[in-house]
Amino acid sequence: MSETTQKRMRIYFTGVGGQGTLTATTLLSRAALDAGLELVAGEVHGMAQRGGVVESVLLLGGWRSPKLDPGEADVILGFEPLETLRGLPYLRPGGAVFSSSDPLPPVSVSLGNAAYPDLAEIESKVRAAAGVCRFLPCRELGLQAGSVQSGNTVLLAAACASGLLPFGVDVLEAAIKKYLPAKLQEVNLKALSLGAAAVAG
Amino acid sequence: MSMHPLLTGGRGERHLLLTNEAIVRGALEAGVSLVSCYPGTPSSEVPDTFRKLGSDRYVLEYSVNEKVAFEVAAGAALAGSMALVTMKHVGLNVAADPLFTAAYSGLPGGLVLLSADDPGCHASQNEQDNRYYARAASLPCFEPASAAEAREMTREAFRMARELQQPVMLRTTTRVNHMRGPVEFGELPAERSQVPFERNPGRFVAVPATARVRHRALVSAMKKAREFAENSRFNTEHGDSGVRTGIIVSGVSRNYLADALATGGWGGRVRVLELGMTWPLPEKKLLAFLSSCDRVLVLEEGDPLLESGVRELAQRHHCAVRVEGKDELLTVQGEYSTTLLLRRLAQYLDCPCPALTSAAPAAEGLPNRPPNLCAGCSHRAVYYAVRQVFGDDAYYSNDIGCYTLGVLPPLRAADFLVCMGSSISTGSGFARVSGKPVVAFIGDSTFFHSGMTGLANALFNRHDLLVVILDNGTTAMTGHQPNPGMAQEVLGEASLHLDIEAVVRGLGVTQFARVKAFNLKGVMAALEDLKDKKGVRVLLAEEPCALYARRQFKKGTTQVAEVREQGEDAQRCLDTLACPAFYRDGENIAVDENLCSGCMVCLQVAPKAFKARKRG
């Protein structure tokens, strides 16, 4: 068991299958590794890919357990508002939430068999529970940058720009340049500045 | 050849890897020559990574089932090569027969078996603990807890397999397989490591006379393995030597323990023995640890195997240590976690448990997201047709794959399911005694896995059932791995396409129809025709997996469906077909253009309500 003096942090990612949550987790993990941090990431694969909930974690500074229990996350990155609300118990008191405000209704909602919670209500519940709370129109900002998928980078950039992570937007920017395919870089760099600006504004 | 760092990265390089990728690197560093597998979560990324790399360092095959995969790997190891065989935990039940015998004969080239267990049933029908197999078949066993360890242990497992000439088990669990962490590379060998095969029927031909001799050889090999375990760098002890409160821990629980001790600030209050090589037990090391403790707590997910071993050891050596393990908190079910161990350690150390508070309670009544058959999935079309023709009169025997999701309403196409390949045989037995009509569903990969034998049996024993083969041309559930039913142009030169109809007819099926799954009229007509017949009947319904077609063939249709008339018909289609591309727009029903794959099954279900239009 190695001991480290790095600041410990646990980040919980949640989204919907097909959204690219795991790709985003890996990008942030690579950024953290390049920033010299100790890290472990964990993912849930398998049946989740068929439109189910996709959860992952990124543990920084020496944490090792890939499964989080309620109250263990310092930060939640929610790629879909309903999933942010569902994942909220994972947050420790005073923790931070960065979430997309663009709903992806589950099938039961599309078919009229269940109701999607009111967005304002989701936001107020999250705001009441979290120490820091930012909802961002990731889809719209992603489209503005050039693709829906780059909305994930908007969210990552917002978290990095908040100053709450042990590294900043510059590290994420370097990771985008180093790890994303050339054709995706321009769009994602634009998404990055939109995300960072959204938090600054 | 790929320029992937797994293939080109040199000694000392550090990369962020999934544990399953780290296993690949470890096997490459060991000098693996052959990899065989049957895909299954959480093991699939191991062979899939080998496939992505596509190197001439090794040959990779997707075998038709786990037994075959094990036998192929055993053959390669007999011939003197290092072989890796990968499967999920339940797959090892299928491969158990060759496993036990291969351990008797031994395999000179060196075979490593990856058994990926799934505590918590993330994607499985049970949470069996395959460490039993290491004990039952006598295999040295390694259990990594991180990606970095997975590389090292895979390499060490191969070294040991070669030296002992015995199969070695690498046992992982879902959380470990799907962890990602930095991995420092070792050297890649210049060439594959090979030993010659020396004919020796007295050893390699499993008959009673050789088996008796080889059982003795196996016992002595395991004695040697125990010595390895005693000195293994993966079995470590830490904590102050004066502390007489002990913890013995293995597998992923090592991570939960580390985090729980850090959270509680209890590091100085316990002495910990971590086991990474977990079978055979390092008895001397354990005994020394037990003798220096007043109490030990054993932490392991799954069944109390390590705990039983520790208790037995203490009893045998009259060691007065008090052993604790499974109880009402640490059960045999599901996964452990940091907070679970915090609670248990607080009891064990008789100190207050740090407050475990959450920012918010679980929100109630939120709509769930169960996994669902995709929009444009051909299984939905076939299930719809079967339900129209048979309704609740038939009993539905289902099997393992994406199509198991047909259990959900409104399709409700599964009344029972036992295991991979069971639909035909279990359906046969059900029909025989119940006298009810039975429809058995089975996918293409599962048919080749173990459905063929069930079909042969159904014919041989004159069973009475309708078998519907849902052929989507790929192993969809686990990530589109090849199987013999896949099209030749996709398989490439290394594999040969097998025609399912030829197999079915070759076995002796005469009541047979082959349909396109999206041709609803054709499917229903064939079902009506087969419905009233007796004996074994087979319907082969073909249509490529929609996801796979989009990715592999870049095939997107130019047309999508749209609602042209609201009302009863549109509602009936939504209620009975329940395609996820449908959504409610106020009072109206609409089709999401981005989700619609253009299968046009809804147009056939409700021609008045839907029409086709150009995409965009």
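In the predicted model, the axes of helix H4 (residues 66-78) and helix H6 (residues 96-105) of chain B come within 8 Å and cross at roughly 25 degrees. Angles under 35 degrees count as roughly parallel, and H4(B) is therefore roughly parallel to H6(B). The contact is formed by Lys67(B), Phe70(B), Glu71(B) and Ala74(B) of H4(B), which meet Asp97(B), Pro98(B), Leu99(B) and Ala102(B) of H6(B). By class, the residues of this contact divide into five nonpolar, no polar and three charged.

The buried residues of H6(B) are Pro98(B), Leu99(B), Ala102(B), Ala103(B), Tyr104(B) and Ser105(B). Pro98(B), Leu99(B) and Ala102(B) are also among the residues that meet H4(B). The cover over the buried residues of H6(B) includes, besides H4, helix H7 (131-137), helix H10 (201-204) and helix H11 (208-231) of chain B. After H6(B) comes Gly106(B), which has a positive phi near 80 degrees.

Chain B also contains an open sheet of five strands with mixed pairing, in the order S9-S11-S10-S13-S14. Its edge strands, each pairing on one side only, are strand S9 (235-238) and strand S14 (322-324) of chain B. From one strand to the next, the twist averages 15 degrees. Strand S13 (residues 295-299) of chain B runs parallel to S14(B), and three bridges join the two. Within this pair, Val323(B) in S14(B) is the residue opposite Val296(B).

In chain A, helix H7 (residues 169-179) has Val169(A), Val171(A), Leu172(A), Ala175(A) and Ile176(A) as its buried residues. Viewed down the axis of H7(A), these residues fall within an arc of 155 degrees, so they line one face of the helix. An α-helix has 3.6 residues a turn, so residues three or four places apart point the same way. Lys177(A) and Lys178(A), on the other side of H7(A), are exposed. The elements that cover the buried residues of H7(A) include H1, helix H6 (151-161) and helix H8 (182-200) of chain A.

Between the two chains, 51 residues of chain A are in contact with 43 residues of chain B. On the chain A side, two or more residues are given by each of helix H1 (21-34), strand S2 (39-43), helix H2 (81-87), strand S5 (91-100), helix H3 (107-110) and helix H4 (119-129). S2(A) gives the most to this side, with five residues. The side of chain A that touches chain B has 28 nonpolar, 13 polar and ten charged residues. Ala41(A) stands opposite Arg180(B) in S8(B).

Strand S5 of chain A holds Arg92(A). This residue counts as buried because Arg92(A) has 20 C-beta neighbours inside 10 Å. Leaving aside residues up to four places away in sequence, Arg92(A) touches Gly71(A), Glu72(A), Ala73(A) and Asp74(A), together with Ala359(B). Arg92(A) and Arg8(A) lie 84 residues apart along the chain, and their C-alpha atoms are separated by 14 Å.

Methods: Residues numbered from 1 in each chain as written. Chains lettered and ligands numbered in written order. Predicted model: local features only at pLDDT ≥ 70, side-chain atom pairs only at ≥ 80, totals over all residues. Contact = placed C-beta atoms within 7 Å. Helix = DSSP H or I, 4+ residues; strand = E, 2+ residues; numbered from the N terminus. Nonpolar A, V, L, I, M, F, W, Y, C, P; charged D, E, K, R; others polar. Pairing = 2+ DSSP bridges. Buried ≥ 20, exposed ≤ 12 C-beta atoms within 10 Å, placed from the backbone. Arc of directions from axis to C-beta. Axes fitted to C-alpha atoms, helices over the stretch in contact; angles between N-to-C directions. Parallel < 35°, antiparallel > 145°, perpendicular 65-115°, else oblique.
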